[in-house]
Structure formats: structure tokens, C-alpha cells
Amino acid sequence: MHRNEGRVSPGHVYRGHVFDIAGSPTLAEARSQLRSIPNGALAVRAQGTIAWRGPFVELPAEFASWGVSGDAGHFLLPGFVDAHVHLAQTYSTDAFGGGQLLDWLDSCVFPAEARLQDTAFASRIARDFTRRRVAAGTTSALVFGSAFPEAQHELFEATERSGLRIVSGRGIQTVGPESSAELLTTEATALELSAAEISRWHAADTGDAANALLQVALVPRFSLSVTPTTLAGLGDLYDDVRASGVYFHSHLSENVGEIAAVESVYDTRRYLDTYDGLFRPGSARGGSSLLGRRSIVAHAVHCTDHELSRLAETGSSIAHCPTSQQFLASGTMPWRRTADFGVNVAIGSDVGAGDEWLISRVLNDAFKVHLSEPGTASVSLHPAEMLFTGTLAGARALDMEERYGNFDVGKDADFLVIEPDRWEPLAIVLDNGIRADDAERAAEQTLFTLLMALREPAISGVFVRGRRVTPDYI
């Protein structure tokens, strides 16, 4: 809480060039909803909500007595949302010795994840994971958790101390290769541990999923890591907890070999059917669907038209992970085709197959990847679309768009303060790049430069609900 003249202040004002995507647009509408306010200001109430935003020179009188931080040379962005990142792979970025997905899991990831059964190691990785989030300005994240309950406790406790937002669930595996043996549980134990995690941690901070910082998801690694019996049990459990706001999260259609294996093992027509309750041979109904408004699948690189249509129909979201898709040679999620189906697409770092924690760096990769798609599939992402994907679309994927994701008045003040002078390569391109005479075009050029050239040292402030988050809290 800020103080002014010895008394508790009702709020604080932050100055800088404000960029966000206003309202509740679709991806196609993001350009028209780009809000750019040079020498702008955010007035943040002590309770952590946005009271006003606009040009600093137009600051209403009611906020004139509030303390002021920053200047016109700073930038204010909504906090980044990482829609897919792995706790247990914090130390596995660029892990050598894998290859494509299934080989990489076998030789690099499963052995690394097994280390988290050591509680001391789990505590250290949870701390380092959370500190990396702070440094990268990731105020909200959907985290693929550890197989081990104690490691999940360490993650939630570190996150709670930091004040960041999190949705996470233990990684569920009931079958797998020998390399994953230490991560496996029986089907009954998998359901028991997941139910216990929900009971202990879902909305543990507030008791209400509508405004909680700590939330839980059901997270089977992917269909090859579970059985039809597991999926049926998860469907029953999700029926019981869906109304309380629990999430579903997994991987989908990341690799052609993975897809072929899933369809062979389950004898289904489509990979997505296994999550949609259609996991019996011939895609017959076997249980309840896991898809819905709080369901997010990572990758979706090789989806059929039917799968994309079904994701859109159920309100499920895709966590797009271009950085890791390049690292594992998984292919490229077709941007135009996916967007045309109306599926909400958020961005995911996918650390550790992804080696970038900073969401703007992942957006940088997305720009390059989709510009390089062949023929008419090629698209040059507009900076407003990039900002939307890294902020508001992520909040939408997590069904928290009413709480954060932009600077609409009344929302929680989740935001970043960026000082370009703290990272000279960013400062010099912002200061010396060519800008159009047209103010709207110049704003687009500035935002594009900011997203493409931003690095962590330039992020000088990370705020969740108006509270500054620093590594010192962790």
C-alpha cells in the first residue's frame, strides 16, 4: 500500500506509454481494439483494481493526490499469460540427447522429472521456476505440474508467497515406457491424488475460483500416458468438480508419430476423441468429455477440421507453442486455418522444450514461424494480434477475462512496467527506428518493436492486483 504525506493513500498512479487490447474482442478484432496512450497513466486503487487509464495530462482531480511513479519514457503492458509451461522441466531447456517428441520424452524429460520425488530438489526447482516467472513478467500461468504431490505443494506455496497467479495440476501418468516408471501410479491412486490436490489447493487463497490466484487443473500428460479406464475416471471426477472451476489441461496433436500412436492404441478416429469421452474403439462413447470453457490443450499442430470445429464448439482453447515446436521439429500450427475455425489461441512457452521464458520472445518466434508458412497460409501477424495472444487470449483461455488481461476499468491491476533504458538494444531501436507520420501506424510500429526486441532486464516492475511482485517474496 502506498503512502502520501504520512497517511495511507487510496491508490497510486503509474506513468508510461500504455498499450493493451481493449474490451473483449476476437482475434480478428484485435487490431481495431489496440489501445495506445503515449505519456499515459494507470490509476490503481489500493485494493488492486484499475480506477482509471488515459493521458497523464488528463488525470482526473480525484487521483491528483495519489503518488506517481514512472515517466513518459516507460511502457505499461498487461501482465503476460503463459498458457503452457512445465514445472519439472525448469532445468531442461535445450536438453540434448532427445530428438523428436517421443524420443525426447524418453531420454531427456522422464529422467529429469523423476528427480522431483526428492522434496529438497522439488523445493529448489519450485523456487527457481517462480523466480523465472517474475523475471519474465509472467503474471499468470497454466503449469503442467510434477507427478509428485510434495513437489506440487512446493510449487503452490512458492507461488502463494510470490503473489503470482497459477493454474496447475499434478502430471497424471498410469502407463508408459520404462523410462517413466518412477512417474507412474495406479489408476485409483491417480484419481485419489488429483482429488486431494483439488481439495487442498483449488481456490485455497480466497475460497472462490472467480477471484482466486491459486487454482487446480486435471492434467494427464497425454493420451498415451493413460488408459481408457483412467480417462473414464477422470471424466467422472471432472463431472464432480467442473462446477467449482477446476480446469482440464493436456497435450494434443503435437507430433505425427504421437498422433499415429494414440489412434492405434485407442483405435479411435481422431486424437481429440480421447479427451471428448469417445475413447472406445471406433470413437465410441466411453465416458464424460473433458472439453469445455476451462479446457486448454497444448500444441494442436496437426488437427483435423473436425477437431478444430469441436474445440471451438466446446469453448476449449489452444496453447500455441511455436518455440518448442521448432525445437522438436513438430511442425507449425497453421495460424490462418486454426483462427478461421474460431478457436481461442493463447501462447505457451512450453519450457523446457521451449527455451524462452519471456512470452514476447515466444511471440517473436510466432511471428517468424507464421510468416514462413507456405503459400497462402503465410501470415504477417499484426502487433495487436501478438499482444492479444500473449495477454487477453491467455486470460480468456483461463476463463479469467473479467479479472485481467487488459486495462479496462474495474479489472485487477496485473501489469508490467518496462524501462527501455535498462536494455540498451531495446532503447536504441525505440529511439531511432523509422516511424510513420500517421499516429496510429506509428503506434503499431512502436508496439511491434517493443514486443520483438524486449528482454527481461527492461522489465522493471511486475504487478498482480496492484501489488509489486519481486523475487524477494519467494
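1. Let's start with strand β3, residues 11-21, where 11 of the 11 residues are buried. Buried here means under 20% relative accessible area, while exposed means over 50% and partly exposed lies in between, using a 1.4 Å probe and protein chains only. Strands are DSSP runs of E with at least two residues, helices are runs of H or I with at least four, and both are numbered from the N terminus. Please keep in mind that this is a predicted model, in which local features need pLDDT of at least 70 and side-chain atom pairs count only at pLDDT 80 or more, whereas totals for chains, interfaces and linings use all residues. Residues are numbered from 1 along each chain as its sequence is written, and side-chain values use heavy atoms, with hydrogens and water left out.

2. Which strands does β3 pair with? Two strands pair if DSSP finds at least two bridges between them. With strand β4 (residues 34-45), β3 pairs in the antiparallel sense over 10 bridges, and Gly16 stands opposite Gly40 in β4. Strand β6 (residues 67-69) pairs with β3 in the parallel sense over 3 bridges; there His12 is set opposite Gly67. Strand β7 (residues 75-78) runs parallel to β3 and is joined to β3 by 2 bridges, with Leu76 of β7 as the bridge partner of Val18.

3. Now to the charged side chains. The structure holds 19 salt bridges, each a side-chain nitrogen of Lys or Arg within 4 Å of a carboxyl oxygen of Asp or Glu. One of them joins Asp412 to Arg165, with the closest N and O atoms 2.8 Å apart. Asp412 sits in the loop between α12 (392-397) and β17 (415-418), and Arg165 in strand β10 (residues 165-169), so this pair ties together parts that are 247 residues apart in sequence. Asp412 is buried at a relative accessible area of 5%, and Arg165 is buried at 2%.

4. Arg165 has another partner to look at. Asp414 forms a salt bridge with Arg165, and their closest N and O atoms are 2.6 Å apart. Because Asp414 lies in the loop between α12 and β17 while Arg165 is in strand β10, the pair links parts 249 residues apart in sequence. Asp414 and Arg165 are both buried. A network of salt bridges links Arg165, Arg403, Asp412, Asp414 and Arg465.

5. Elsewhere, the side chains of Asp273 and Arg270 meet in a salt bridge at 3.4 Å, N to O. Asp273 and Arg270 are both buried.

6. How many disulfides does the structure hold? There are 0, counting pairs of cysteine sulfur atoms within 2.5 Å. For Cys108, which is in no disulfide, the nearest cysteine sulfur is that of Cys321, 18 Å away. Cys321 is in no disulfide either, and its nearest cysteine sulfur, that of Cys303, is 12 Å away. Cys108 is buried with a relative accessible area of 10%, and Cys321 is buried at 0%.

7. Finally, have a look at two helices. The axes of α10 (residues 359-371) and α14 (residues 439-453) come within 7 Å and cross at roughly 110°. Axes are lines fitted to C-alpha atoms, for helices over the stretch in contact, and angles run from 0 to 180 degrees between N-to-C directions. The helices α10 and α14 are therefore roughly perpendicular to each other; that term covers 65 to 115 degrees, with under 35 counted as roughly parallel, over 145 as roughly antiparallel and the rest as oblique. In α10, Ser360, Arg361, Asn364, Phe367 and Lys368 meet Phe448, Leu451 and Met452 of α14, where contact means heavy atoms within 4.5 Å.
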